[in-house]
Amino acid sequence: MKFASLGSGSRGNATIVTTGKTTVMIDCGFSAREAVKRLQMLSVEPERIDAILITHEHADHMAGVRVMARKYNIPVYTTPGTAGCLPVDVQSHIHEFNCHHPFSINDLEIQPFPVPHDAREPSQFVLGDGQYRLGLLTDVGSLTPIIEQTLSGCDALLLEANHDMTMLEQGEYPEHLKQRVGGRLGHLNNVQSATLLEKIDTSNLQHIMAMHISEKNNCPTIVVPLLAEALGCEHDWIGIAQQDAGFGWREITNR
Ligand SMILES: [Zn+2]
Ligand SMILES: [Zn+2]
């Protein structure tokens, strides 16, 4: 199983995962034109995408979904709550899933799980090919037992490290935005991300990518040592997803 990011952060998110046989895009928060450009850099033809999975309706996750789905005739998978927020002319592409029930797209197994975030019915995913599991967690304000259970034992983790609490408190965001981002339905701060890594089984972990890093309220030089300490690993093993470039292909392999 291989995965890459087209970009990650409050100005747009999209992740691509492929088993070789099945390719899915998780979220498309870039315009379709921009997404196609970024896909080209990863050598992915948009026609090859078998499905778009949407985590929730915030613009940084679905701005390009309508055009991508219609132009390239791609099925869209999401919860009923999120589906209700999508434009009318994309509804015929939607396949709704129950965020407590796993489902498959060809040889790709998808285990959705609910998360606390200020959206209608947000979910995040663990994707599996029968051998390996890739966990995705962004846009979540607090950790829950179901998050810890589901992400335990993954082979790769794409984990939000949105903000440094002090930088958020002392930063230039208006008070209501500080409350939102730092709240229980907001985004994970660095300490919460590190705490999750300390709590779950990370013995299979081959890749850890820090995602959705705030450009105003965080910095990779703070994120990397914190996550490395939580995992007891070298700093250079912690990957960073960038807003403008995401990250290139990574593969989960037989060790
Ligand atoms: Zn987001
Ligand atoms: Zn969001």
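## Close-up views of a predicted model

**View 1. The loop that holds Asn-106.** Asn-106 sits in the loop that connects strand S7 (103-105) with strand S8 (108-114). In this model, which is predicted rather than determined by experiment, Asn-106 has a positive phi of about 50° even though the residue is not a glycine. With a relative accessible area of 55%, Asn-106 is exposed.

**View 2. The loop that holds His-212.** A positive phi in a residue other than glycine is also found at His-212, where the angle is near 50°. This residue belongs to the loop between strand S12 (207-211) and helix H9 (220-231), and His-212 is buried, with a relative accessible area of 2%.

View 3. Thr-138 lies in the loop that runs between strand S10 (133-137) and helix H5 (145-151). Is Thr-138 buried or exposed? Thr-138 counts as buried because its relative accessible area is 6%, which falls under the 20% limit for a buried residue. Its side chain makes a polar contact of 2.7 Å with the side chain of Asp-139.

View 4. The structure holds one cavity of 30 Å³ or more, and the space in the largest cavity amounts to about 70 Å³. Thr-138 is part of the lining of this cavity, and the other lining residues include His-61, Met-211, Thr-15 and Ile-26. By class, the lining consists of four nonpolar, seven polar and one charged residue.

**View 5. Strand S3 and the strands paired with it.** Strand S3 (residues 23-26) has Thr-23 and Met-25 pointing one way and Val-24 and Ile-26 pointing the other way, with all of them buried. In a regular strand, side chains alternate between the two faces of the sheet. Strand S2 (residues 14-18) runs antiparallel to S3 and is joined to S3 by four bridges, with Thr-15 having Ile-26 as its bridge partner in S3. Four residues lie between the strands in the hairpin of S2 and S3, where Gly-20 takes a positive phi near 100°. S3 also runs parallel to strand S4 (residues 51-53), to which three bridges join it, and Val-24 stands opposite Ala-51 in S4.

**View 6. The largest pocket.** The lining of the largest pocket comprises four nonpolar, eight polar and four charged residues.

**View 7. The second largest pocket.** The second largest pocket, with a volume of about 150 Å³, has a lining that includes His-163, Met-165, Glu-175, Lys-178 and Asn-189. Helix H6 (165-170) and H7 each supply at least two of the lining residues, and H7 provides the largest share, with four residues. In this lining, two residues are nonpolar, five are polar and three are charged.

Terms used. Residues are numbered from 1 along each chain as its sequence is written. Chains are lettered from A and ligands numbered from 1 in the order in which they are written. This is a predicted model: local features need pLDDT of at least 70, side-chain atom pairs count only at pLDDT 80 or more; totals for chains, interfaces and linings use all residues. Side-chain values use heavy atoms; hydrogens and water are left out. Buried means under 20% relative accessible area, exposed over 50%, partly exposed in between (1.4 Å probe, protein chains only). A polar contact is a pair of N or O atoms within 3.5 Å; within protein, one must be able to donate a hydrogen and the other to accept it, and residues adjacent in sequence count only if both atoms are side-chain atoms. On a 1 Å grid over the protein atoms alone, a cavity is a set of points where a 1.4 Å probe fits but cannot get out, and a pocket is an open set with protein on both sides within 12 Å along at least five of seven lines; lining residues have an atom within 4 Å of a point. Grid points are joined across faces, edges and corners, and a volume is the space filled by probe spheres set on the points. Ala, Val, Leu, Ile, Met, Phe, Trp, Tyr, Cys and Pro count as nonpolar, Asp, Glu, Lys and Arg as charged, and the others, Gly among them, as polar. Two strands pair if DSSP finds at least two bridges between them.
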